[in-house]
Amino acid sequence: MKITDIQALVEAKSKAREPLFPGSMRITIGTASCGIAKGAAKTLQALKTGIASRKIAAQVVAVGCNGLCHKEPIVEVHIPGKAKIVYGPITEKEVSALLQSIVKDELYRDRALLGIDAENHILEGIIRYGELPGNSITSYKDYDFYRLQHKVILRNAGVIDPENIQEYIARGGYSSLAKAFRMKPADIIQEIIKSGLRGRGGGGFPVGIKWKSCRETKSSKKYLICNVSEGEPGIGMHRSFLESDPHSVIEGLIIGAYAIGAQEAYVYIRDNYRLAVSRLQKAVSEATEAGLLGKNILGSGTSLAIKIKEGGGRFVCGEETALIACIEGKIGEPRQRPPFPTISGLFGQPTCINNVETWANIPVIIIKGSEWFSSIGSANTTGTKVLSLAGDIACPGMIEVPMGTSLKDVVFTIGGGVAHGKALKGIQTGGPSGGVLPARMIDLKIDYDELKAAGSLLGSGGMIIMSEDTDMVKIARYFTEFFAKESCGKCTPCREGICRIGDMLDEIIAGQGTEQYLTYLEKMSRPITEASACALGKTAPVPVLSTLKHFREDYMAYIKKIA
Ligand SMILES: Cc1cc2nc3c(=O)[nH]c(=O)nc-3n(C[C@H](O)[C@H](O)[C@H](O)COP(=O)(O)O)c2cc1C
Ligand code: SF4
């Protein structure tokens, strides 16, 4: 399939709808890393064998993650004219019972989770599948895990085959690119500025402003970088997302290349994300074969090549200047800014680096418009956020909510509350650099500024739920050790200071600390925050400071033991 111009894209879309809406049954199985870890590969094989032996007219398709990681392996069955039924977990052993129910035209009640009669797809509008089978199953719009979610970035995740470009095109993929090519580059940047989109990698910097700076820097060579370093412990939503819908990131990068005037893009991804790397490689080669990457894309005169650079997964290598050093083949250490990468970045050329979720927002903003985008979310934090729910939560998974959604809705409605009916003690937002917020702050909103004002961060979207059984001193110790290991060692306050904090926490846990240790911890944190060169060091004391502030009694419990 070669798509040489916009008319060819329209034709490709009408042809591509066929595999997605076939005349016969379509059975999908979630095969992102979360599904594979729970045995999805065996379920997939059993489905294929079972369908062939029972002569069921159906296609079986491996898709990405629909977010329900706690119910993997997830299987969706869509019989034309009927509602889609989501089943989980369907292990290899349950496939036979599932297929038997399908043959009898019945629900497999033991594992039926919900039914989808219609889907409100942000690009395609309402897609109707068919009637729900009576009141016997909860509908998507009433299902607690989904009812408060808003799937913008994750609109295709768990629905399309990520290794088949046609399925992306069938659901409106690359039509935003076609629209972008009809706009002037400066107007695209203006649209991104107006949308209020802020970088999803943690800092929340306005994306349009960064793009404008890169566009205005004069140079015959410019680069784009997509950051999928994701070196934080306990999260993986950007991996799952890339495993589920890689073309949406590629589309964002092509629009960025046209708007900024770049000719080459790098995707920096940690090397143990094997599945994400291979699906991205497949997507890049499919897009190249189709003429959507390479020279003169859609006859626009814009050319873009995407290279995938695998990194070792060190947390510090996610910092933009360290990441650039890695791509250049140097040691992954941050450097002083300015100059910022938009002025002097990769190989000394102007470079626009954005997080993978940031890039995936671009096609949506262009096709739906900045007004639509900024109507979602809160005043200063527009759009949606993909979050990873982990820790002591009943329903861990990958979710997407409008910015401005309360932590309470995220934890108690979507996440089903604390695991095993325990009470909530705290929530760590923003990964290791974020603070642990106490349960009483549950009404705070998912919003860069609100969480920062409360002493935490939104970060890149990691959310770790902690039950009443959590020992906050050990949590502080765990994250301090993480920072100590991940520090690149270039500046003394970070290299030495974090280790000293760790030593003091060890002594407290060993019952050798006094109340004065708590004052020392606070005092020692200040120079680390103030004198470290990059945000790793600057935020390293946050886990200690936030737990000291909100959970001092946990520290005192160790200290009183020796009093
Ligand atoms: C220690 C450290 C680790 C980081 N890791 C990531 C990461 O994994 N992914 C990411 O997008 N940004 C990460 N960042 C932020 C990047 O430096 C940069 O701000 C970001 O990629 C810019 O993209 P955005 O504006 O779209 O957020 C990290 C920053 C620091 C200090
Ligand atoms: S603050 Fe830490 S991680 Fe950052 S440059 Fe200094 S030593 Fe390296």
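Mentor: A disulfide is a pair of cysteine sulfur atoms within 2.5 Å. This is a predicted model, where local features need pLDDT of at least 70, side-chain atom pairs count only at pLDDT 80 or more, and totals for chains, interfaces and linings use all residues. Residues are numbered from 1 along each chain as its sequence is written, and side-chain values use heavy atoms, with hydrogens and water left out.

Trainee: How far is the sulfur of Cys 226 from the closest cysteine sulfur?

Mentor: Cys 226 is buried, at 0% relative accessible area. The closest cysteine sulfur is in Cys 352. The gap is too far for a bond: 11 Å.

Trainee: How many disulfides does the rule count?

Mentor: A disulfide is a covalent bond between the sulfur atoms of two cysteines. By the distance rule, the count is zero.

Trainee: How are helix 11 and helix 12 placed to each other?

Mentor: Helices (H or I, at least four residues) and strands (E, at least two) are DSSP runs, numbered from the N terminus. Helix 11 (residues 246-260) packs on helix 12 at about 55 degrees, with axes 9 Å apart; axes are lines fitted to C-alpha atoms, for helices over the stretch in contact, and angles run from 0 to 180 degrees between N-to-C directions. Under 35 degrees is roughly parallel, over 145 roughly antiparallel, 65 to 115 roughly perpendicular, and the rest oblique. Helix 11 and helix 12 are therefore oblique.

Trainee: Which residue joins Arg 337 through a cis peptide bond?

Mentor: Most peptide bonds are trans. Here omega is about -5 degrees, and the bond is cis.

Trainee: What is the phi of Asn 296?

Mentor: Most residues other than glycine have a negative phi. Asn 296 lies in the loop between helix 12 (274-290) and strand 12 (305-311). It counts as partly exposed, at 42% relative accessibility. Its phi is positive, although Asn 296 is not a glycine: about 50 degrees.

Trainee: Is His 420 buried or exposed?

Mentor: His 420 lies in the loop between helix 16 (407-414) and strand 16 (424-429). Its phi is positive, near 55 degrees. At a relative accessible area of 78%, His 420 is exposed.

Conventions:
Chains are lettered from A and ligands numbered from 1 in the order in which they are written. Buried means under 20% relative accessible area, exposed over 50%, partly exposed in between (1.4 Å probe, protein chains only).
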